[in-house]
Amino acid sequence: MELFFLSLLLIFSGGALALILQRFFTPMKAAAALFIAAGCLLGLIHAGLWMARSGEAAATVYSIEYLNAFTLAFRIDGLSAFFLIAIHFVSMLAAVYSFHYMDHAEKPLATAVNYFFFSLLVGSMALVVAADNMITFMLAWEIMSLSSFFLVIHNPDAAENRRAAYLYFVFSHVGALFILAAFGVMYGHAGSFAFADMSAIPDSVKILAFIFAFIGFGSKAGVFPFHVWLPHAHPAAPSHISAVMSGVMIKTGIYGILRIYALLDCQRPLLGEIVLIAGILSGVLGVVYALGQHDIKRMLAYCSVENIGIILMGIGIGMIGAAAGKPMMAMLGFAGGLLHVLNHSIFKSLLFMGAGMVLRKTGRRTMDALGGLMKNMKVTGTTFLVGSVAISGLPPLNGFVSEFLIYISGFSGAAPGGRAFVSCLAVIVSLAVIGGLALALFTKVMGVVFQGEPRTEAAQGVNETGAAMRFPMMILAGACLAIGLFPVGFVMMAMKGVSALGLGYDGSGMDVFIQLSANITRGGAVFFIVFFTILAMRTVLYRDKTVSMGGTWGCGFTRPTPRMQYTASSYAGSILEFFRPVAPLHETHPPIRGRFPDRTHYHSHVDDIAEKGMTPGVVRPVLFLFDKLRWIQHGDIHLYIGYILLAIVALLFFV
Amino acid sequence: MIKPILFWLLAMLTAPFFSAVILKVKAFFGGKKGPPILINYYTLFKLFQKGSVYSHSTTFIFKMGPMISLGAAVTALLFLPIAGQPPMFSWHGDVILVLYLLGLGRFFTIAAAMDTASPFEGMGAAREAYFPIICEATLFLTLILFFMLSGELRLSAYFFGNEPLQLWRAAGAPLLFVVIALFIVLLTENTRVPVDDPATHLELTMIHEVMVLDHSGPDLGMIELGSYLKLFFYSTIVARLIWPYDMGNAFVDGALFAVAMLAVYGVVGVTESVMARYRMDKVPKFVLTSFALVFFATIITLEFMK
């Protein structure tokens with residue numbers, strides 16, 4: 001535990017140093033990045049050591065009582081340690097990346113403030129997953145929400161950034177209120193702030209508390225339909241912040257759902273089904289909306305919604321398996337979901353860092369303005385390719401491993417009869433569809449942004465600089481390959497997280513997991529052997545052959561231009577057409593008229609039904625209600641004091 | 001161990017031959033003599049002898065595409081029981097790995113096409129990314145059905161020896177729907193008529209052929225070989241379902257399997273001869289039919305198993 005607090009101290013002092021040293025731009029960045037990264041490394045070592053402890057790992061507990069008013073309690077078990085690994089690993093690399101990314105020397109104060117809140121965010125995320133009572137949890141949760149709010153509003157000059165930050169603020173606080181409501185319900189029945197006392201409350205209350213908590217945590221995690229803030233916040237925030245927010249911060253929502261589930265210890269299939277349906281909706285709609293985006297960071301944000309969906313599908317199927325008394329299905333589902341948390345944090349932060357490099361060098365986020373970046377951005381392009389293959393869930397990379405576990409979990413429950421069968425069928429088919437859509441999405445991004453020819457001048461002649469930006473991407477791409485080829489250690493780590501859920505599944509059936517992981521390794525090895533054989537044969541075939549260069553075959557057209565290339569919009573067009581009922585596609589395209597036509601244009605936009613429905617469905621009724629209550633707010637201080645007195649008197653009678 | 005390797009090699013060697021059968025059947029329907037039955041070997045041989053021309057727009061991904069798509073198809077055949085013989089590898093969940101490896105092949109085929117900056121190849125790539133999404137849903141639903149029937153999640157539990165017969169015994173007539181659905185998937189995944197016309201002359205209407213326009217020489221040869229192997233993979237699945245018997249003798253089984261394969265390729269040829277390609281926006285509906293069929297079969301089987 002000392003190591004844990006020492007790492008927090010280092011992280012926070014990194015933020016404080018940035019404020020102190022803000023006059024000296026480069027030393028300030030170096031000191032802050034170094035301290036935060038070192039703190040994260042220490043935290044990573046701590047969590048790693050915790051994971052490496054053999055046998056039945058007991059939880060580490062620590063608590064301090066503050067002025068007899070409240071107790072701050074911390075507890076690290078397998079689940080916390082698993083999330084700590086993801087948090088520290090990604091934050092460490094993001095801190096390194098930020099050194100070259102934050103290069104606005106004319107705004108030293110903004111940069112220093114950014115580092116300060118970044119350190120707060122990283123530290124508070126670690127505190128959230130280590131908290132062991134409601135007060136500590138809410139405190140850490142609020143620091144996390146507020147510090148990330150200030151990070152989103154890093155550049156407040158643009159109106160859209162202010163709007164994005166406001167939206168995020170509203171969502172994260174309405175979400176926090178729901179969590180508070182869940183905690184309130186739980187406190188009301190358990191009479192204690194400690195997490196350990198929660199399993200004693202009645203079953204019907206547990207369902208209510210879980211639903212409140214699911215909405216609250218879901219709004220942080222970006223579960224459909226509470227994901228509306230995500231695609232706005234990510235383009236506004238600096239890229240390494242997006243990487244941390246999308247890679248790990250939204251996962252604290254997943255942590256919350258899992259933690260509440262473990263605390264309530266309520267084995268009802270209904271809870272699993274709620275999580276599962278939310279997961280399927282987020283998974284499918286997230287990737288469909290991602291296909292409709294033009295902005296690369298917005299696209300990645302929607303893609304996070306999709307991956308949160310996959311994680312929830314794993315957790316949901318695990319909960320259903322636990323309720324149905326199928327330990328294999330439950331363990332595989334939870335392990336798949338948890339491993340996907342780690343996997344997604346790795347490849348999503350990799351992709352955001354790649355997008356950040358593109359944004360820094362070209363100044364454009366619109367995919368259709370880019371193209372051909374692979375030629376001069378070798379490291380960014382190649383690592384982005386690795387991330388794209390991994391996030392599409394394809395072997396031999398890490399995304400496949402977690403999806404594979406969720407598939408196997410679904411199949412283990414696919415015995416005919418009962419509610420569990422329908423859930424399993426839904427999970428397997430949706431996972432297959434999501435996989436196909438993700439493949440379409442990332443071939444689109446790769447093809448339009450990094451391949452082909454530059455579509456505008458902005459994309460011409462750019463190259464990548466900054467070793468601090470390239471190095472983290474290489475590490476992350478290496479991690480994708482390592483987990484994809486040798487998953488056994490990581491699957492075991494996920495299993496330690498699962499055993500912390502207290503379902504009584506520790507120890508037994510581990511050989512199945514080792515077997516499955518070994519099979520994935522063997523499959524990867526077989527594929528690599530085949531691939532390298534083909535590579536060798538290709539080298540032989542090309543020996544002493546004439547290889548020449550020419551233009552792309554334009555099918556007889558003699559004056560091809562880069563503008564003729566297939567655009568991202570047209571690439572996704574026909575798929576979006578298929579999903580039109582849930583993703584209304586709006587196109588404006590004035591027709592070409594006359595013999596000497598004027599310039600024309602094409603604009604397409606995909607509506608997010610949750611965002612569209614928010615105004616008439618939620619905002620207007622709420623405004624209407626509050627409008628009617630306006631007479632209470634009259635500005636008369638005497639009457640306000642009267643209200644307070646009345647409230648206290650009423651409370652005296654009723655409580 | 002020697003038999004699986006032998007049959008895997010045989011599959012690799014005969015796949016181009018079977019693909020030529022389709023051409024022969026089409027020629028017969030057209031009243032033509034058609035190309036020689038060994039045409040695909042001549043083509044491969046010719047391509048492997050040539051050099052290549054690369055576009056200025058391309059990167060290393062363009063060269064990775066053919067290798068990975070061929071590698072995925074070769075690996076897939078390593079897991080598939082050919083002619084009812086045991087495959088080289090088999091383990092719990094291998095079928096998911098195989099389907100995803102074919103997905104990896106598709107990813108890189110598309111990426112190689114996008115590498116050329118050609119508008120036509122982008123168009124083909126978009127279609128190649130779209131239609132197989134529905135195929136994957138069909139395939140995984142079929143997998144659920146097969147899992148319900150056999151309780152196993154490996155290719156050899158469905159297609160090795162007498163296993164297909166066990167599937168028929170457990171499911172009965174609904175499996176006919178699955179055969180039709182898998183045939184539709186075969187046509188879609190291998191971009192045959194009525195989804196795509198491999199013999200069309202207009203780039204705008206192609207899917208697979210347009211994606212490989214810029215490949216030449218050995219690269220193109222690898223793509224061709226990969227597509228023969230992929231067709232062989234799907235045809236084996238359909239052939240094993242329509243000829244589920246196991247005679248116990250590898251030679252007899254091999255010969256009978258070849259006849260069943262000829263029948264499948266023949267039906268592909270007949271389909272190509274008597275049908276026109278669907279309009280592109282009709283294709284998803286055609287592919288969705290396969291999903292509906294398997295869904296129907298699953299529901300009926302659920303009733304049977306009660």
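In chain A, the centres of domain 1 and domain 2, taken over C-alpha atoms, are separated by 43 Å. Domain 1 covers 267-539 + 567-591, and domain 2 covers 609-654; these bounds come from an automatic or database domain assignment. The model is a predicted one, in which local features need pLDDT of at least 70 and side-chain atom pairs count only at pLDDT 80 or more, while totals for chains, interfaces and linings use all residues. Residues are numbered from 1 along each chain as its sequence is written, with chains lettered from A and ligands numbered from 1 in the order in which they are written.

Turning to overall build, chain A has 22 helices and 5 strands, where helices (H or I, at least four residues) and strands (E, at least two) are DSSP runs numbered from the N terminus. The radius of gyration of chain A is 26 Å, close to the 26 Å that the globule rule gives for 655 residues, so chain A is as compact as a globular protein of that length. Here the radius is taken over C-alpha atoms, and the globule rule is 2.2 Å times the number of residues to the power 0.38. The C-alpha trace of chain A spans about 90 × 65 × 55 Å along its principal axes.

Chain B has 12 helices and 1 strand, arranged along the sequence as α-α-β-α-α-α-α-α-α-α-α-α-α. With a radius of gyration of 19 Å, close to the 19 Å from the globule rule for 306 residues, chain B is therefore as compact as a globular protein of that length. Its C-alpha trace spans about 60 × 45 × 40 Å along the principal axes of chain B.

The two chains meet in a contact that takes 62 residues from chain A and 62 residues from chain B; residues are in contact if their C-beta atoms, placed from the backbone, lie within 7 Å. On the side of chain A that touches chain B, at least two residues each are supplied by α15 (398-412), α16 (419-450), α19 (510-541), β3 (547-550) and α20 (568-578). Helix α16(A) gives the most, with 13 residues. This side of chain A divides into 39 nonpolar, 19 polar and 4 charged residues, counting Ala, Val, Leu, Ile, Met, Phe, Trp, Tyr, Cys and Pro as nonpolar, Asp, Glu, Lys and Arg as charged, and the others, Gly among them, as polar. Strand β3(A) is also joined by 4 bridges to strand β1 (residues 52-55) of chain B, and the two run parallel; strands pair if DSSP finds at least two bridges between them. Within this pairing, A:V547 stands opposite B:S52.

Residues of α3(A) including A:F82, A:V90 and A:Y101 meet a set in α13(A) with A:L338, A:M353 and A:R360 among them. The residues of this contact divide into 12 nonpolar, 3 polar and 1 charged.

Some backbone details round out the picture. A cis peptide bond, with omega about 0°, joins A:F224 and A:P225, and A:P225 sits in the loop between α7 (203-221) and α8 (230-236) of chain A. In chain B, the peptide bond from B:V193 to B:P194 is cis, with omega near 10°.
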